[in-house]
Amino acid sequence: MSAALVETNNFSWSIDWNIAGYKEEIVELALKDENGNAIDDVGNRWFIGQPIRVWYDYENIGIYGTAEADLAQSAEAKVPGEIKLRDQNGDGIITGDDRKIIGTDVPDYYGGLTTNFAYKNFDLSAFFYYRVGQTVYSNFHVGNNSLFFRYNNLNVDYWTIDNQDAQYPRPNQNQEFTRNNTTMGYFDGSYVKLRNVSLGYNFPEALTDKLGINGLRLYVSGQNLWFAAKYDTFDPEVDDPDTEDLPSLGSGTTPSTKLILFGLRAQF
Ligand SMILES: [Ca+2]
């Protein structure tokens with residue numbers, strides 16, 4: 001979609017916008033039940049009706065409080081201060097059957113928006129990119145969040161007797177990793193970012209004629225200067241290329257580079 005919003009001698013403003021999406025769905029698998037109907041391949045994390053790559057895990061619904069000590073024990077053999085999982089099938093205990101599809105890296109939609117302004121000899125253009133609806137898995141919130149005293153840890157809101165509605169479990173020096181720690185790593189990966197922005201000034205002909213050149217332009221441009229995301233640790237566009245099949249954000253991840261470029265262009 002393109003729109004020229006303003007077009008006068010001195011000022012023009014236009015917008016180009018696009019949106020795209022794709023759907024990925026497993027329709028059949030080799031596994032069949034006794035009646036010959038296709039069934040999910042849980043071992044490979046393949047589910048009929050879902051994209052090929054999904055995260056399949058327990059659902060983290062908070063931290064057990066001291067008032068829930070009995071439930072923590074009966075459902076998960078845990079104690080207050082540990083991660084509370086949702087009992088999806090309501091049978092009172094947490095088993096493998098309570099896992100669910102947490103999300104996928106397939107976005108609901110994505111696209112870009114370019115806008116161009118020109119005022120007299122100045123021009124400004126910007127390109128925004130957005131990607132909405134995908135899940136990201138943050139290794140920072142798992143591997144760097146052990147809540148074990150010996151290791152560095154993210155500065156998180158952790159559980160104590162006096163901080164019962166914390167988002168993260170209690171530190172525990174007897175346990176190298178928090179139980180069900182992977183459930184701390186899933187985030188809405190939606191973001192919008194300013195990929196490129198550029199401001200330019202074309203010197204008037206009166207000057208270029210005097211200098212005996214055809215054109216003179218001064219410009220400054222920037223890349224990746226701004227983003228907004230629900231995942232607040234860093235730019236969630238970046239994947240950690242070292243990890244297996246599903247992308248994750250981890251300590252091996254390099255955030256995308258911010259770049260600012262100044263230039264002067266003369267045409268002869
Ligand atoms: Ca259950």
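Reader: Where is Leu147 placed, and what is its phi?

Author: Leu147 is in the loop between β9 and β10. Its phi is near 55°, a positive value in a residue other than glycine. Asn180 is also found in the loop between β9 and β10, and its phi is near 60°, again positive without being a glycine.

Reader: Is Asn180 buried or partly exposed?

Author: The cut-off for buried is 20 or more other C-beta atoms within 10 Å. Asn180 has 19, so it is partly exposed.

Reader: Back to Leu147, then. Which residues make up the largest nonpolar core?

Author: The general idea is that in soluble globular proteins, nonpolar side chains tend to be buried together. Here the largest nonpolar core has eleven residues, including Leu147, Tyr64, Ala72, Trp159 and Met184. Apart from that core lies another one, of seven residues, among them Trp55, Val136, Tyr137 and Leu249.

Reader: And what is Tyr64 in contact with?

Author: Skip its neighbours within four places in sequence, and Tyr64 is in contact with Ala72, Lys78, Pro80, Gly81, Glu82 and Lys84. Ala72 belongs to the largest core along with Tyr64.

Reader: You mentioned β9 and β10. How do I read their sheet, and which strands are at the edges?

Author: Follow the order of the strands, then check the sense of the pairing. Here three strands form an open sheet in the order β10-β9-β13, with mixed pairing. The edge strands are β10 (186–188) and β13, each of which pairs on one side only. β9 (residues 135–138) runs antiparallel to β10, with three bridges between them. Val136 stands opposite Phe187 in β10, and Val136 is also one of the residues in the seven-residue core.

Reader: How confident is the prediction?

Author: The protein averages a pLDDT of 91, and 97% of the residues score at least 70. Confidence is lowest in strand β13 (residues 248–249), at a mean of 80, and highest in strand β5 (residues 83–85), at 98.

Reader: Let's zoom out. How does the radius of gyration look next to that of a compact globule?

Author: A compact globule of 268 residues would come out near 18 Å, but this protein has 26 Å. The C-alpha atoms fill a box of roughly 85 × 55 × 30 Å along the principal axes. Buried residues make up 17% of the 268 residues. The protein has two helices and 14 strands. Among contacts between residues at least 6 apart in sequence, 59% join residues at least 24 apart.

Technical notes: Residues are numbered from 1 along each chain as its sequence is written. pLDDT is the predictor's confidence in each residue, from 0 to 100. Helices (H or I, at least four residues) and strands (E, at least two) are DSSP runs, numbered from the N terminus. Two strands pair if DSSP finds at least two bridges between them. The radius of gyration is taken over C-alpha atoms; the globule rule is 2.2 Å times the number of residues to the power 0.38. A residue is buried if 20 or more other C-beta atoms lie within 10 Å of its own, exposed if 12 or fewer, and partly exposed in between; C-beta atoms are placed from the backbone. Two residues are in contact if their C-beta atoms, placed from the backbone, lie within 7 Å. A nonpolar core is a set of buried Ala, Val, Leu, Ile, Met, Phe, Trp, Tyr and Cys residues joined through C-beta atoms within 7 Å.
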